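I opened my notebook today to look up pockets, a sheet and some charged pairs. Here is what I wrote down, in the order I went.

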Amino acid sequence: MAIREILEVPDPRLKTVSTPVTVFDDELKTLVADMFETMYDAPGIGLAAIQVGVPKRVLVIDLQPDDPDAEPEVCNHGGHEHTHQPTKREPRVFVNPEILDPAEELSTYQEGCLSVPEIYADVDRPKTCRVRYQDVEGITYEEDLDGLLATCIQHEMDHLEGILFIDHLSRLKRNMALKKLNKMRAAA
Ligand code: ZN
């Protein structure tokens, strides 16, 4: 596994429309493993393949990479005693996801994105949706999603169409967000 570089705005590759996965091979499994490692390292709760420069319809999501209430574990591998913050991971992979019936009712979440660092803004999206997707073996599933998972998968699916969450904002708010990002980059 390897941590890959996350593309950030205004990288034009983020506007790519990703193509469906047709071959469910080791290369796909490596991509998914690398995407998880990259997402956990960032850290983030979702990542689309195009964010690491691969224009394929693949998403990974884990809404709770860390369990803040868990007791730290003490271990001594590597020759010295140290503590690990235990994780209660719930990794989810969605290959070729499709949204079947988005709810008319909307919900609002303050969204952020690893490709638009440090910027957060409220976005309205359908509150629930049914999603059809494949796993890394090519097996098809359908599932009803709600809450943060419904929001997150819609955010990630936007990436597959070359859309960022800031594209849902008014031009004024988007420009303000990008200005803020440029200022923070200049200060860094
Ligand atoms: Zn994103």
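**Entry 1: pockets.** Before searching, I noted what a pocket is: on a 1 Å grid over the protein atoms alone, it is an open set of points where a 1.4 Å probe fits, with protein on both sides within 12 Å along at least five of seven lines, and its lining residues have an atom within 4 Å of a point. I also noted that this is a predicted model, where local features need pLDDT of at least 70, side-chain atom pairs count only at pLDDT 80 or more, and totals for chains, interfaces and linings use all residues. Residues are numbered from 1 along each chain as its sequence is written, and side-chain values use heavy atoms, with hydrogens and water left out.

I looked up the second largest pocket, and found 14 residues in its lining, with V9, P10, K15, L164 and L178 nearest the centre. Its space is about 200 Å³, a volume being the space filled by probe spheres set on grid points joined across faces, edges and corners. I sorted this lining into 7 nonpolar, 2 polar and 5 charged residues. For the classes, I counted Ala, Val, Leu, Ile, Met, Phe, Trp, Tyr, Cys and Pro as nonpolar, Asp, Glu, Lys and Arg as charged, and the others, Gly among them, as polar.

Then I turned to the largest pocket, with a volume of about 500 Å³. It is lined by 24 residues, and G44, I45, G112, C113 and L114 are the closest to its centre. I counted 13 nonpolar, 7 polar and 4 charged residues in that lining. At least two lining residues come from each of β6 (106-113), β7 and α2; helices (H or I, at least four residues) and strands (E, at least two) are DSSP runs, numbered from the N terminus.

**Entry 2: the sheet.** In what order do the strands of the open sheet lie? I read off β1-β2-β5-β8-β9, 5 strands with antiparallel pairing; two strands pair if DSSP finds at least two bridges between them. β1 and β9 are at the edges with a single partner strand each, so one side of each has no neighbour in the sheet. I got an average twist of 40° from one strand to the next, with axes as lines fitted to C-alpha atoms and angles running from 0 to 180 degrees between N-to-C directions. β5 (residues 92-99) and β8 are joined over 3 antiparallel bridges, and E98 has R132 in β8 as its bridge partner.

**Entry 3: salt bridges.** I found 14 salt bridges, each a side-chain nitrogen of Lys or Arg within 4 Å of a carboxyl oxygen of Asp or Glu.

One of them joins R130 and D144 at 2.8 Å, N to O. This pair connects β8 (residues 129-134) with β9 (residues 140-145), 14 residues apart.

Another joins R125 and D158 at 3.0 Å. R125 sits in strand β7 (residues 116-126) and D158 in helix α2, 33 residues apart. Are these two buried or exposed? Both R125 and D158 are buried (under 20% relative accessible area; exposed is over 50%, partly exposed in between, with a 1.4 Å probe and protein chains only).

My last pair was R57 and E161, at 2.4 Å. They lie 104 residues apart, in two loops. R57 counts as buried because its relative accessibility is 13%, while E161, at 36%, counts as partly exposed.
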